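Have the sequence and the 3D view ready as you read.

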Amino acid sequence: MKFSTRIDTNIPASDLFDIAGDFSRSERALVARGVAVRRVDPAQEPGTGLGWVVDFNWRGQRRSVRLDVTRFDRPSHITLEGHSDQFDLSINMTVVALSRVKSRLLFETEVRPRSMRARLLLQTAKLGKSQLDRKYDQRITDFVTHLRAA
């Protein structure tokens with residue numbers, strides 16, 4: 001199942017990429033929302049090979065996702081690949097310059113099932129896809145707004 005949103009900003013593309021690629025800032029924002037984030041690779045420089053284990057509560061159960069940066073092409077593209085017990089996950093962030101002072105962030109998430117149970121869960125979720133799309137759009141917008149303010 002794919003989710004995508006685009007966020008237009010009044011920030012130059014290079015600055016928007018720096019905000020999206022500031023993983024320390026993202027870690028702090030996730031921790032503020034009650035998510036446990038543990039960096040697997042202690043490297044301080046952003047780039048490929050950086051990884052995290054992210055633990056969170058969802059629907060009354062503790063979930064764990066392993067995320068790794070697989071592509072870091074300054075100044076336009078970041079890809080994170082991840083997996084959990086039931087799903088494989090791909091997150092793509094693309095920054096597009098609209099003008100010298102305006103830019104757009106394209107944020108895409110793809111969730112793929114790893115088991116029959118997960119496949120059934122996704123099929124059920126597709127029934128409410130329009131509501132999930134609205135929630136996804138709002139959460140990504142709130143997250144980027146929070147990152148900009150931090």
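At 47% relative accessibility, Asp 8 is partly exposed, a class that lies between buried (under 20% relative accessible area) and exposed (over 50%), using a 1.4 Å probe and protein chains only. This is a predicted model, in which local features need pLDDT of at least 70 and side-chain atom pairs count only at pLDDT 80 or more, while totals for chains, interfaces and linings use all residues. Residues are numbered from 1 along each chain as its sequence is written, and side-chain values use heavy atoms, with hydrogens and water left out.

**Salt bridges**

- The count comes to 10 salt bridges, where a salt bridge is a side-chain nitrogen of Lys or Arg within 4 Å of a carboxyl oxygen of Asp or Glu.
- Helices (H or I, at least four residues) and strands (E, at least two) are DSSP runs numbered from the N terminus.
- Arg 104 is partly exposed too, with a relative accessible area of 21%.
- Arg 74 and Asp 18 form a salt bridge, their closest N and O atoms being 2.7 Å apart. Here again distant parts of the chain are linked: Arg 74 sits in the loop between strand E4 (61-73) and strand E5 (77-83), Asp 18 in helix H1 (residues 13-20), and the two are 56 residues apart.
- Asp 18 is partly exposed, at 40% relative accessibility.
- Asp 68 and Arg 66 meet through their side chains at 2.9 Å, N to O. Both partners are partly exposed: Asp 68 has a relative accessible area of 22% and Arg 66 one of 29%.
- A network of salt bridges links Glu 81, Glu 110 and Arg 112.

**Helix H1**

- Which residues of H1 are buried? They are Ala 13, Leu 16, Phe 17, Ile 19 and Ala 20.
- These residues cover an arc of only 160° around the axis, so they lie on the same side of H1. The arc is taken from the directions from the helix axis to the C-beta atoms.

**Positive patch**

- Arg 33, Arg 59, Lys 135 and Arg 139 gather in a patch of positive charge on the surface. Patch residues have over 30% relative accessible area and no salt bridge, and like charges are joined within 9 Å.
- Lys 135, found in helix H4 (residues 129-149), is partly exposed at 45% relative accessibility.

Methods. Patches are made of residues with over 30% relative accessible area and no salt bridge: like charges are joined within 9 Å, nonpolar side chains (Val, Leu, Ile, Met, Phe, Trp, Tyr) within 5 Å. Accessible areas come from the Shrake-Rupley method with a 1.4 Å probe; for residues, only the protein chains shown count as cover. Lys and Arg count as positive and Asp and Glu as negative; His and the chain ends are not counted. The place of a charge is taken as NZ of Lys, CZ of Arg, CG of Asp or CD of Glu.
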